[in-house]
Amino acid sequence: MSTEHHTSAEEVAQLANPSAPADAIPAVDPRLLVREQGLSGYLSEFGRKMKAGDLGSVPVVIGLIVICGIFQGLNANFLSPENLTNIAITMVATGMMAVGIIFVLLLGEIDLSVGSVSGVSGALFAVMAVTHGVNQWVAILAAIAAGALIGAIHGFFFARIGAPAFAVTLSGLLFWSGAMLQILGSNGTINIDPDGPVGQLTTYFFTDVAAGYGLAAIAVIGYFLASFLDNRRREAAGVPSRPVSEIALRTGLLAVFTFGPAAVFNQYKGLPLAVVLFVLVLVGTDFLLRRTSFGRSIFALGGSVEASRRAGINVTGIRITVFAIAGTFAAVGGLFWASKIAAANQSAGAGDLLMNVIAAAVIGGTSLFGGRGRTWNALLGVMVITSIQYGLALQGIATPIQYMITGAVLLATVVIDSVTRKTQKTAGRA
Amino acid sequence: MVHVSAAPVLALRGVSKRFGAVQALTDVELEIHSGEVVALVGDNGAGKSTLVKTIAGVHPIDDGVIEWNGKPVAIGKPHDAQNLGIATVYQDLALCDNIDVVGNLFLGRELKRRGVLDEVEMERRARELLTTLSIRIPSVRIPIASLSGGQRQTVAIARSMLGEPKLVILDEPTAALGVEQTAQVLDLVERLRERGHAVILISHNMADVKAVADKVAVLRLGRNNGVFNVKDTSQEEIISAITGATDNAVTRRAARTGEAGK
């Protein structure tokens, strides 16, 4: 009894003491479960996040390791530098389209036309550059602009007219595959110049060993400097900042994931141009989404359309722009696809391409319900999808089985997404 | 304590609003001064929300005058109201669950530094604002989804304070809140008054009204049914004005003949 009284008297004295700076503005509320310093803090926070359904990239990374383990066990060539380089180059076409579709998924919408639009883009480029002899760079720009325009048209019908996005883009799926066949005409297949800019997209390698390591070094140093300077500003402004140990740990992880692949590529032909372009696109779009008002508006629309409207966000404009972005990246993906098969043909953009694009985005951790995801998800997701395809192909497993396996993987991912969402709701982290 | 300036911040003079065949508001009068909390009460369908929406510019008025600092103004759209310095916190809070507290506070008016979001400055200002309003939330960097109902309400109110409004309209801020959360929101309303904001508070809860309001304006069937000083009015008097216990055959007949004689 007397001890209790003593304690409270002490507390009162402390509260009354104006020189106690810690109480002025508490850095963090005591109710918030904050991470303790050091490695044990990381582990306990990690466990807490897992329980709360905040799985992040963990299931994908585990899945990728399992997939690689299985295929390596079946065929020792799977993890060879040559095969890994081929996977890395092939995944870029699908990955580019996945980046575009992530923008749409962040709104909580879907674009089913990306496959067809990529086909139109490839066909348009081939017809202009090969059949009509237009300058290849002009043809590239025209193909990409066409993709943006097509996306904007879809966006217009969705955002302005109010038609459901899935219906609009489903119409687009058929319409644009028809348009592609029309553009290709009776030839069916048009081979493209393997030494032109599009042809080189997937065949050019930076053979100098320094290129891969140099780029990795730039990324690591750049990341460290950016984090460090941001932290300095945070400290100066008196807002919570990351401990140096965390920055060091993150930089270390980044170093592993940049120098590792660089070493693998250098054991084969060198750093592929396609991979460099893909990484640049990922960095750029990630910046756009997380560091600009435009990106913030996209997340806001995925969270609550009404709240965004009341906050003065131009809902129609953002929606149309997002669909135009999806169309643009579909077109870019189409050019990579044409480069990979060195031709524009009637089967481009068909088959399982659309499913793979959506699967890559969702497997990577982008929510189908909108408002959650990053463009880096495209990288992880497309690595999983392409690894499965290559692994199965190495085993000589036929397309029907490949389709079924990819479909099952997509279903599993959607289930994880839905369950995650439920767990997060109950844990208050939707 | 209650500081009352000369001209009311906002005055409604004979405001009427029709929706098709429904006369939602008839000749409503309302005055509110800075540093004053006016509770707007009335039964369902009494016209509280309609009245608030006319002030907020969602529904332009059909008849009557809205005066702002003594001068007549036209409020035709939400933007007009915002420009005057009227902030409205609607019942559905209009926050994005997936975005953190800082992001929600600055949604639609992000601070930028060389064209890039200035997260540090936004976070600093958010913490400053929340501290001034003595709002305690676990962290400004957690998504809204992790906050309790009361905390979301305080964030929504804080968000309305960013533009330094002269008048804050709160639509049922304590509905669906627990005891302690209600107390937090009521504390916040008192802090708004201390800072010299005028506050219109819509509430069904008489205890809340008695706790924080200076005046109670009662609406019944789209008309004024009395303005009371909270201090010298009993809860029963207010309730009888809301439910229409003072409304009987005689007063109705008087109103009818009065209209017919016009």
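Which residues line the largest cavity? The points below take up that question first, and then turn to the pocket, the chain contact and the domains.

1. **Basis of the model.** This is a predicted model, in which local features need pLDDT of at least 70 and side-chain atom pairs count only at pLDDT 80 or more, while totals for chains, interfaces and linings use all residues. Residues are numbered from 1 along each chain as its sequence is written, chains are lettered from A and ligands numbered from 1 in the order in which they are written, and side-chain values use heavy atoms, with hydrogens and water left out.

2. **The cavity.** The largest cavity is lined by A:S118, A:G119, A:G122, A:A123, A:G334, A:W337, A:A338, A:A343, A:A344, A:N345 and A:A348. A cavity here is a set of points, on a 1 Å grid over the protein atoms alone, where a 1.4 Å probe fits but cannot get out, and lining residues have an atom within 4 Å of a point. The count is 1 cavity of 30 Å³ or more, and the largest cavity holds about 50 Å³ of space, a volume being the space filled by probe spheres set on the grid points, which are joined across faces, edges and corners.

3. **What surrounds the cavity.** In chain A, α5 (114-131), α14 (315-341) and β4 (343-344) each supply at least two residues of this lining, and α5(A) gives the most, with 4 residues; helices (H or I, at least four residues) and strands (E, at least two) are DSSP runs, numbered from the N terminus. The lining has 6 nonpolar, 5 polar and no charged residues, where Ala, Val, Leu, Ile, Met, Phe, Trp, Tyr, Cys and Pro count as nonpolar, Asp, Glu, Lys and Arg as charged, and the others, Gly among them, as polar.

4. **The second largest pocket.** At least two lining residues come from each of α13 (305-310) of chain A and α2 (78-84), β6 (86-89) and α5 (149-161) of chain B, with α2(B) providing the largest share, 5 residues. By class, the lining divides into 16 nonpolar, 8 polar and 7 charged residues.

5. **Contact between the chains.** With contact taken as heavy atoms within 4.5 Å, 35 residues from chain B and 35 residues from chain A take part. The two chains bury about 3,000 Å² between them, 54% of it on carbon and sulfur atoms, buried area being the accessible area (1.4 Å probe) that two parts lose on being put together, summed over both. B:N98, B:V120 and B:R127 supply 20% of the area that chain B buries against chain A, more than any other three residues. There are 3 salt bridges between the chains, each a side-chain nitrogen of Lys or Arg within 4 Å of a carboxyl oxygen of Asp or Glu; B:E123 forms a salt bridge with A:R234, with the closest N and O atoms 3.0 Å apart.

6. **Domains of chain B.** An automatic or database domain assignment gives the bounds, and chain B is divided into domain 1 (1-85 + 166-262) and domain 2 (95-164). Their centres, taken over C-alpha atoms, are separated by 28 Å. The side chains of B:E164 and B:R195 meet in a salt bridge (3.4 Å, N to O).

Technical notes
1 Å grid on protein atoms, 1.4 Å probe; cavity = no way out; pocket = protein on both sides within 12 Å on 5 of 7 lines; lining within 4 Å.
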